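Q: Please take a close look at one helix pair in this model. Then set the sheets beside that pair.

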Amino acid sequence: MLMDALHASASTGVLFISDLIGFTTGLLITVLLLALTLRAIKLPGTPLANIGFAASALLWSGGGLAWVALIAGGEGRQSPLTLGAQAIQYIGAAVFPIPVLAIWRPFAVLARQKTAARIVWSCGWLAASALTALWVSSVLAHPALSPVTLKNLTAYSASVILTVGAVVCLRRESTPRAVYLPSLMITAAAWGASIALTIARNPPPNWKAGGLISGVGLHLVLLVVLFSFLLFARFRYADVFIRYGVRILLAGTWASALTVAAQSNFLFHLARQGRSPAAVHIFLVFLVANGLLLSFTFVDERFSGWVNRWLFRAPDYRAWTRRLADRLRGLSFETEIAAAVEDAARTPLDLRGARLATVEALATGRWPAGVMEGEPVELDFADGLRKELPLPNTELLIPVAVSGRITHVLLVAPGSDRPGLVSHDLSYLTAVAGQCGHRLDALRREREAVERQSREALLLQQVTEAELRALRAQINPHFLFNSLNTIADLIVRDPAGAETMTLRLAGVFRHALAHSRRPLTPVRDEIEFVRTYLHIEEARFGDRLQVEIEVSPEVAGEEIPSLILQPLVENALKHGLGPKPGPGRLWISAQPEGAKLRLRVEDDGLGPGGRPARGGMDPESAGVGLSNIAERLVTLYQDGASVRLEPREGGGSRATVLLPRLGSAA
């Protein structure tokens with residue numbers, strides 16, 4: 001008997017519980033939508049129709065919840081409080097088509113569509129005003145129509161206006177799927193609810209399913225509200241609304257499922273099998289509740305993700321972020337980096353425009369304080385700053401920080417053809433700006449490193465040139481001393497020869513002066529200088545000296561250290577051929593040797609003596625000139641060049657210099 005009483009009581013209250021859960025779910029989702037819409041009302045892309053829809057849904061859900069609570073609390077159906085709650089509920093239904101038409105009207109693109117949409121819009125306002133007046137009069141005065149008639153009139157009026165509005169405004173080929181499909185479901189559910197509630201209020205004789213039909217009608221109304229939520233969830237915080245709204249909806253669905261399961265015949269039948277049916281029933285309801293609770297998390301995650309992708313078609317943010325990072329890694333100019341960042345922002349989000357601007361693009365202090373503090377800033381439609389920015393209709397400013405300082409701003413203009421940016425889009429744009437800042441910072445560090453290396457190289461070059469000038473300066477006094485001795489000797493025995501010698505000496509020093517600031521000179525110029533020098537030495541050697549010079553055309557334009565051959569020739573004459581009695585021969589050559597250039601000076605004189613030193617020479621026997629050459633080669637080429645003095649087969653000495661080939665001056 002106890003179980004039968006419980007079963008009967010549960011069956012009686014199940015409709016109230018179901019309505020209570022449905023209206024509570026709708027009320028929570030409506031409050032969430034209204035709060036997020038009010039938070040984003042000043043942002044571009046937030047339709048004012050959202051507020052109208054939230055208000056009408058709030059009236060429907062709040063009035064319906066109050067009506068169910070009053071009936072459950074024992075109030076009569078004709079009491080003023082109950083009638084007032086019912087009036088509030090159906091006024092919300094009467095106003096509901098107006099914000100829906102506001103969403104649909106922008107999709108009427110043809111001239112006749114726009115005219116028809118304006119007519120339907122006006123009819124919607126007239127119908128809502130008339131129905132509101134009738135409902136208010138039904139509570140405050142003697143009603144002109146019965147509540148049942150008013151309910152039917154409200155339901156069919158909303159259904160007709162929605163149907164005509166959908167036919168006039170929406171075209172499958174020009175309306176986004178996220179708008180088109182919910183709109184069809186809203187219209188179909190509105191007609192289904194109207195017909196079901198009409199049948200439930202005017203049941204045929206002996207009709208026993210009136211309660212079931214009434215419940216179906218009320219839940220179809222809830223379905224209209226739910227699909228409307230999907231239609232209106234197209235503003236900055238839409239993804240947040242969808243995430244929490246779906247969670248609230250699923251929680252309400254699971255609560256309804258628990259209510260249905262708790263009063264099902266199957267559970268009552270199982271409970272009767274035990275010694276304490278009431279305790280068994282409670283235990284079974286507890287098991288069902290835990291099973292639903294465990295399944296909620298699994299279903300919530302997947303269903304929310306599916307709805308989010310279906311509504312917003314969000315791109316793969318991670319893939320685009322990786323692609324941008326790979327692209328930026330190979331760019332070395334700010335213009336290229338800006339183009340890559342703008343493309344990464346514009347393409348995946350289908351923006352009308354995106355531009356990277358420097359903070360100098362505006363006068364000091366004109367940027368919003370939030371931007372200079374590193375926070376994204378959204379511009380109001382009426383903000384005068386939008387007219388000063390280089391990108392028309394900019395709606396969002398994303399700061400770009402380089403080394404902790406805001407140097408650039410990413411300007412974003414979504415455009416009116418796409419829904420407003422949602423929080424996931426904003427997070428992606430912030431990540432794009434972050435990658436831009438990292439690359440610009442890395443580019444700055446790379447440039448500083450290059451500049452530092454350039455300064456160091458310039459300093460090293462200056463030091464090297466100073467060393468080379470000092471080393472070459474050692475040659476001039478030494479050569480001058482020998483030449484003046486020769487001229488002094490010629491003045492006594494051959495004054496004409498002394499004059500010629502003086503002119504040739506002047507030519508030698510003219511050449512040395514012209515090349516004083518040039519560390520390198522072509523081989524052909526160095527050979528000409530050696531020829532001039534040998535003309536001077538002819539005064540001392542006369543017919544005893546025979547010279548052969550061989551220069552490969554392949555290396556004639558190669559650059560070598562200035563005055564590199566003259567000390568070698570002087571060494572051969574002074575230490576090899578000078579002390580030798582009788583005639584002597586001197587060979588001078590410049591030939592390629594693989595990747596090296598070989599300079600060689602040979603004589604058939606007395607040959608080198610002593611022990612070898614650095615570079616294969618003995619400075620004491622070879623003289624200051626050869627030691628000077630070794631130091632210059634180390635300064636210029638480090639270990640890349642060498643000089644060696646060695647005996648020559650058949651008598652005499654051979655001096656060989658190997659230099660890296662630097663390319664032909666020609």
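A: Helices α2 and α3 are roughly antiparallel to each other, a term for angles over 145 degrees. Their packing angle is about 155°, and the axes lie 7 Å apart. Axes here are lines fitted to C-alpha atoms, for helices over the stretch in contact, and angles run from 0 to 180 degrees between N-to-C directions. Helix α2 covers residues 49-72 and helix α3 covers residues 80-95. Helices are DSSP runs of H or I with at least four residues, strands are E runs of at least two, and both are numbered from the N terminus.

The model is predicted: local features need pLDDT of at least 70, side-chain atom pairs count only at pLDDT 80 or more, and totals for chains, interfaces and linings use all residues. Residues are numbered from 1 along each chain as its sequence is written, and side-chain values use heavy atoms, without hydrogens or water.

The crossing of α2 and α3 is left-handed, meaning that the near helix is turned anticlockwise from the far one by less than a right angle. On the α2 side, the contact residues include L59, W60, W67 and L70. On the α3 side, they include L81, I88, Y90 and V95. Contact means heavy atoms within 4.5 Å. The residues of this contact divide into 13 nonpolar, seven polar and no charged. Ala, Val, Leu, Ile, Met, Phe, Trp, Tyr, Cys and Pro count as nonpolar, Asp, Glu, Lys and Arg as charged, and the others, Gly among them, as polar.

A55 also lies in α2. At 36% relative accessibility, A55 is partly exposed, the class between buried (under 20% relative accessible area) and exposed (over 50%), with a 1.4 Å probe and protein chains only. A55 and V31 are 24 residues apart in sequence, and their C-alpha atoms are 9.1 Å apart.

Now the sheets. One is open, with four strands in the order β1-β4-β3-β2 and antiparallel pairing. Two strands pair if DSSP finds at least two bridges between them. β1 and β2 stand at the edges with a single partner strand each, so one side of each has no neighbour in the sheet. β3 and β4 pair over seven bridges. I398 has L410 in β4 as its bridge partner. Helix α13 (residues 334-349) lies across β1 and β4, at about 145° to β1.

Another open sheet has five strands, ordered β6-β8-β9-β11-β10, with mixed pairing. Its twist averages 10° from one strand to the next.

Conventions
Angles under 35 degrees count as roughly parallel, over 145 as roughly antiparallel, 65 to 115 as roughly perpendicular and the rest as oblique.
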